[in-house]
Amino acid sequence: VTVLEDQNTLAYTLYKLRWDNFITVAYKATYTPERCFSMMSKLSDILEDKCGNDIEIRLFFTTESFTTRDGNHNHFFLRVGNHKIRQYAIDFIKEYFTDDRVDIRPYDNEKAGLFYICKNNSTKGINWDLRGNKLSSPR
C-alpha cells in the first residue's frame, strides 16, 4: 500500500494501533454532519462509562455524505481491550443504533480500512475524531 510510505500522517499513526472492529452506521434519518459527530461522541462517552476505566476503549470515526440520498453516515474503528466486554460493547452499539443499518465486521489490518476512511482528506475538517480512555497506549 503506497500510503504506508508517508509515516507522518494520521492514517499511518492509526494503522499502527490495534483495532477490533470496523463498523458502519447508515442512519435512517437524514442527519447533518454535526448530528452524526454528536451521536458518535455520545456513543464513545457511554462506552467508556459502561466498560470502565480499566478496559481500553478507543474509537476513531469519520462522517461521510451519502452518494444516493441526503444525509450522512459514519464509519468507525473500535478497540475494546477485553473480549467479553467487547461483545457487550458490540451488542450495545446495535441497540444504540436500533433504527439504523449497522454493519459490524472484525477489523482486518490487511484491508487498509483506515486509509479508506481517511480518503480525500476527510480528516481535515470537523467530521472525525479519535476518542478513548487510553490514547497514550502504544497498541
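Predicted model: local features only at pLDDT ≥ 70, side-chain atom pairs only at ≥ 80, totals over all residues.
Let's begin with helix α2, which covers residues 33-51. From its first C-alpha to its last, α2 reaches 27 Å, close to the 27 Å expected for its 19 residues at 1.5 Å a residue. Its buried residues are Cys36, Met39, Met40, Ser41, Leu43, Ser44, Leu47, Glu48 and Cys51. An α-helix has 3.6 residues a turn, so residues three or four places apart point the same way. With that in mind, look at Cys36, Met40, Leu43 and Leu47, which are among the buried residues of α2. The cover over the buried residues of this helix includes β2 (57-65), β3 (72-80), α3 (83-96) and β5 (128-132). After α2 comes Gly52, with a positive phi near 90°.

Now to the rings, where the count comes to 9 aromatic pairs. One of them joins Phe60 and Trp128 in a tilted arrangement, 5.9 Å centre to centre with 50° between the planes. Because Phe60 lies in strand β2 and Trp128 in strand β5, this pair ties together parts that are 68 residues apart in sequence. Phe60 counts as buried at 0% relative accessibility, whereas Trp128 is partly exposed at 24%.

Phe77 and Tyr107 make an edge-to-face pair, since their ring centres are 5.2 Å apart and their planes stand at 85°. Phe77 belongs to strand β3 and Tyr107 to the loop between β4 (101-106) and α4 (113-117), so here the parts tied together are 30 residues apart in sequence. Both Phe77 and Tyr107 are buried.

Ring pairs also link Tyr27, Tyr31, Phe92, Tyr96 and Phe97 into a cluster. The ring of Tyr31 has the charged end of Arg35 sitting over it, 5.0 Å from the ring centre. Likewise, the charged end of Arg58 sits over the ring of Trp19, 4.6 Å from its centre.

Terms used:
Residues numbered from 1 in each chain as written. Heavy atoms only, no water. Helix = DSSP H or I, 4+ residues; strand = E, 2+ residues; numbered from the N terminus. Expected span 1.5 Å × (residues − 1). Buried < 20%, exposed > 50% of the residue type's maximum accessible area, 1.4 Å probe, protein only. Contact = heavy atoms within 4.5 Å. Phe/Tyr/Trp six-rings, centres within 6.5 Å; stacked < 30°, edge-to-face > 60°. Lys NZ or Arg CZ within 6 Å of the ring centre and 35° of its normal.
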